[in-house]
Amino acid sequence: MTYDVKLELENRVEEYSFGDVAKQANGSAWLKSGKTVILATVVIDETEIVKDDFLPLTVQYIEKTYAAGKIPGGFFKRETKPSDFETLTSRIVDRSLRPLFPKGFGHPTQITIMVFSADAESDMQVLALNAASAALFTSDIDINSSVCAVRAAKVDGELILNPTLTQLKNSTLDLYLSGTKEDLLMIEMRSIGSEKVAVEDTYEPMLDPMMDPSLGTIVVDTHVSNAMGEDELIEVLDKTEKVLFASNVEYEVAFGPYQKEIKALDLKDDGLNEEMVAFVKERHMQDIADAMNQMAKSERSTALRNLRKRILINNIEWDELELKAAIEAVKKEQVRSQILNEKVRADGRKLTEIRPITIDTNVLPAAHSSCLFTRGQTQALVVLTMGGAKDAQMFEGLTDEGTQNENFMVHYNFPGFSVGEASPVMGTKRRELGHGNLAKRALEPIVNLEGQTVRLVSEILESNGSSSMATVCGGYLALKAADIETSDTVAGIAMGMVSEGERYAILSDIMGLEDHDGDMDFKVTGSKEGITAMQMDIKLGGISLNILKEALYQAKEGRAHIIDIMLDAESKIEFNDGVLPSTELFHIDPGFIGEIIGQAGKTIREMIEKFEVAIDIDKKDGKVKITGKNKEGVHGAKEHIQKIVNTPKKEKIKYQVGEKYEGTVKKIVDFGAFVELPDGTDGLLHISKLSKDKRVDNVHDVLKEGDKITVEILEFKGNKISLGL
């Protein structure tokens with residue numbers, strides 16, 4: 001393969017070949033970076049123009065298992081449906097490239113990105129967008145702007161741009177930017193939770209801590225979300241954005257000589273019928289206002305459709321699609337001008353005002369926990385189910401060695417009835433997968449599941465904007481309703497913006513109408529102090545960091561308002577005690593672990609049977625984890641362990657054959673009795689040793705549990721002691 005272009009970028013080298021493969025596509029780019037090889041192609045249907053008001057663009061990112069020297073697992077030995085990672089990567093590329101297409105472009109367009117060779121350290125989402133943009137930029141489609149991606153990580157407090165995957169795994173930040181040489185188009189950001197070492201007083205020492213300062217304290221790990229403050233995020237964005245802009249300049253200069261001759265394509269006529277626009281403005285502004293007051297999408301659409309039908313009765317020669325466009329344009333102009341000029345939104349709210357919120361927790365008595373979160377006309381029922389390590393979702397990345405386990409899952413479902421549509425419930429769509437992933441990225445930093453598996457399912461029952469953020473809020477409260485510890489209180493809010501020239505207005509808690517007619521869709525989640533996840537798409541041009549900073553602080557105020565309401569609901573939670581599994585995590589002095597386990601595991605087995613729990617003990621640091629089907633059993637086991645720990649240790653006695661001691665009969669069995677000696681060690685008094693004069697057929701004829709008797713040490717058999725009278 002001969003490479004036409006070699007670019008040395010920030011922490012990465014990319015080599016491109018144009019025109020050597022996939023020659024029948026409108027554009028293609030063969031990209032090599034390290035051991036990764038990707039082919040991106042662009043194909044358009046020149047014979048068809050879709051008349052509806054949307055861009056018929058489809059992006060598919062496809063990983064081939066042979067790229068990593070693997071054969072697909074399972075019964076079918078060929079690639080089947082896309083993995084979650086492939087679908088999410090396709091969405092990222094789509095959202096980044098869609099703004100490049102000219103207004104009125106209606107030709108069905110297919111962008112295909114195929115991974116032929118995979119390097120374990122390569123960032124496939126960055127390379128996929130870069131390859132797709134290169135194919136589009138050098139194609140015969142009239143697009144003359146390059147788009148690329150830059151990822152930022154923070155490892156040990158140091159900012160790293162375009163990190164390797166190993167560096168990203170050790171990072172507390174994952175920030176993905178895409179844009180042109182002038183405009184920032186998309187942001188994906190999440191914080192990554194980690195363990196923070198702390199020193200805490202966790203057990204009562206048996207010796208005087210004045211003799212040794214280390215006694216009475218134990219080093220433990222405290223989970224932190226690493227939520228990022230607004231000012232710090234803007235600083236990181238500033239540095240990353242500069243690299244993004246500079247990289248696009250390099251791309252355009254390097255790719256320019258390989259651009260194909262532009263093909264003449266028909267565009268849809270986006271010109272409005274001014275006669276119809278004037279007619280609607282003159283006679284039907286009140287009808288438009290009434291329709292805008294119908295906040296639900298289905299109600300608003302019905303009102304506008306009825307208006308259109310009424311107008312056509314007296315204007316039968318008018319084209320219905322032209323009239324639809326005219327009504328839509330008038331409605332959009334009214335929405336935007338009212339916001340910019342009067343600072344009032346379509347539903348009467350102020351720009352920073354949050355819709356009314358109601359919260360009900362544990363509304364499903366048979367589920368482990370649940371939360372019904374309602375904000376305006378958006379409603380999410382979030383249901384939590386707890387499981388063990390074996391319930392984790394297994395998956396295998398292209399360059400992973402073996403399968404991985406995902407023990408925190410967020411699944412988002414968006415049925416048609418939530419927006420008044422008569423449509424069947426089908427398989428998971430790309431949008432549902434993307435919204436669920438955003439909610440997961442928001443909540444994952446605040447939980448440390450310690451071997452548990454948690455699945456959150458968000459059923460959207462009603463939607464008028466910001467259902468993914470309702471999922472975040474409901475998801476947090478479902479975690480608390482399951483008595484799961486979190487390191488922060490997290491809420492989500494969707495922000496929007498309307499701009500005209502130098503004027504702009506930032507909107508808090510946008511509804512569907514403002515999302516559709518606005519210039520920005522900006523979702524941000526986090527605590528009162530910092531941000532755990534963010535997703536932003538710019539619809540028209542870019543956005544300055546000063547405006548973004550203003551939006552971030554306005555979002556922070558909105559989050560604080562929502563969090564206060566959530567904390568009030570959290571204080572009123574009543575647990576589903578009969579259904580909810582319980583877990584206790586605590587530390588003990590590691591020196592007592594032997595007593596808790598007991599001789600040959602006897603003590604811990606008795607606790608497991610008695611309290612119906614599972615007990616895991618880390619012998620190194622004394623961490624104890626107890627899990628069970630109900631709180632009573634878990635708390636009982638914890639109290640039993642703490643009683644053992646708080647009981648002074650008995651000094652071990654070095655027993656000698658022939659010595660006699662007073663012991664207590666602990667347990668009677670068919671072949672004898674187990675006797676506890678003074679230091680807690682058990683010995684066996686065999687039935688044949690119970691009498692020197694006569695044969696004993698039943699131990700109960702001679703002894704009962706709790707009897708104090710004097711026994712003699714007869715012999716040692718390994719760790720076992722044989723006793724006699």
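**Close-up views of a predicted protein chain**

View 1. Apart from residues up to four places away in sequence, Lys239 touches Leu159 and Leu161, where contact means heavy atoms within 4.5 Å. The model is a predicted one, in which local features need pLDDT of at least 70, side-chain atom pairs count only at pLDDT 80 or more, and totals for chains, interfaces and linings use all residues. Residues are numbered from 1 along each chain as its sequence is written, and side-chain values use heavy atoms, with hydrogens and water left out. Lys239 is found in helix 4; helices (H or I, at least four residues) and strands (E, at least two) are DSSP runs, numbered from the N terminus. With a relative accessible area of 44%, Lys239 is partly exposed, a class that lies between buried, under 20% relative accessible area, and exposed, over 50% (1.4 Å probe, protein chains only). Thr41 stands 198 residues from Lys239 along the chain, and the C-alpha atoms of the two are separated by 31 Å.

**View 2. Glu235, also placed in helix 4 (residues 230-255).** The relative accessible area of Glu235 is 47%, so this residue is partly exposed. Although Glu235 and Leu545 are 310 residues apart in sequence, their C-alpha atoms are 9.3 Å apart in space.

**View 3. Strand 4 (residues 36-44) and its two antiparallel partners.** Strand 4 is mostly covered, since 8 of its 9 residues are buried. Strand 3 and strand 4 pair in the antiparallel sense over 7 bridges, pairing being assigned if DSSP finds at least two bridges between two strands. Within this pairing, Gly27 has Val42 of strand 4 as its bridge partner. The hairpin of strand 3 and strand 4 has 2 residues between the strands, and in this hairpin Gly34 takes a positive phi near 65°. Strand 4 is also joined to strand 6 (residues 109-117) by 8 bridges, and these strands likewise run antiparallel. Val37 stands opposite Ser117, which belongs to strand 6.

**View 4. The two faces of strand 13 (residues 357-361).** In a regular strand the side chains alternate between the two faces of the sheet. In strand 13, the covered face carries Ile357, Ile359 and Thr361, whereas Thr358 and Asp360 make up the uncovered one. Strand 13 runs antiparallel to strand 14 (residues 369-375), to which 5 bridges join it. Asp360, on the uncovered face, has Leu372 in strand 14 as its bridge partner.

**View 5. Helix 10 (residues 467-481) and the residue Asp483 that follows it.** At 1.5 Å a residue, the 15 residues of helix 10 should span 21 Å, and its end C-alpha atoms are 20 Å apart, which agrees; the expected span is taken as 1.5 Å times one less than the number of residues. Helix 10 is mostly covered, with 15 of its 15 residues buried. Asp483 lies in the loop between helix 10 and strand 20 (491-500), and counts as partly exposed at 44% relative accessibility. Although Asp483 is not a glycine, it has a positive phi of about 60°. Most residues other than glycine have a negative phi, and most peptide bonds are trans.

**View 6. Ala22 in the loop between strand 2 (12-17) and strand 3 (27-33).** Ala22 has a phi near 50°, a positive value in a residue other than glycine. With a relative accessible area of 31%, Ala22 is partly exposed.

**View 7. Asp517 in helix 11 (residues 512-517).** At 1% relative accessibility, Asp517 counts as buried. When its neighbours within four places in sequence are left aside, Asp517 is in contact with Glu328, Lys331, Lys332, Val335 and Arg336.

**View 8. The protein chain from which the close-ups are taken.** The secondary structure of the protein chain comes to 15 helices and 31 strands, and its C-alpha trace spans about 120 × 65 × 55 Å along the principal axes. Of its 725 residues, 50% count as buried. Among contacts between residues at least 6 apart in sequence, 68% join residues at least 24 apart.
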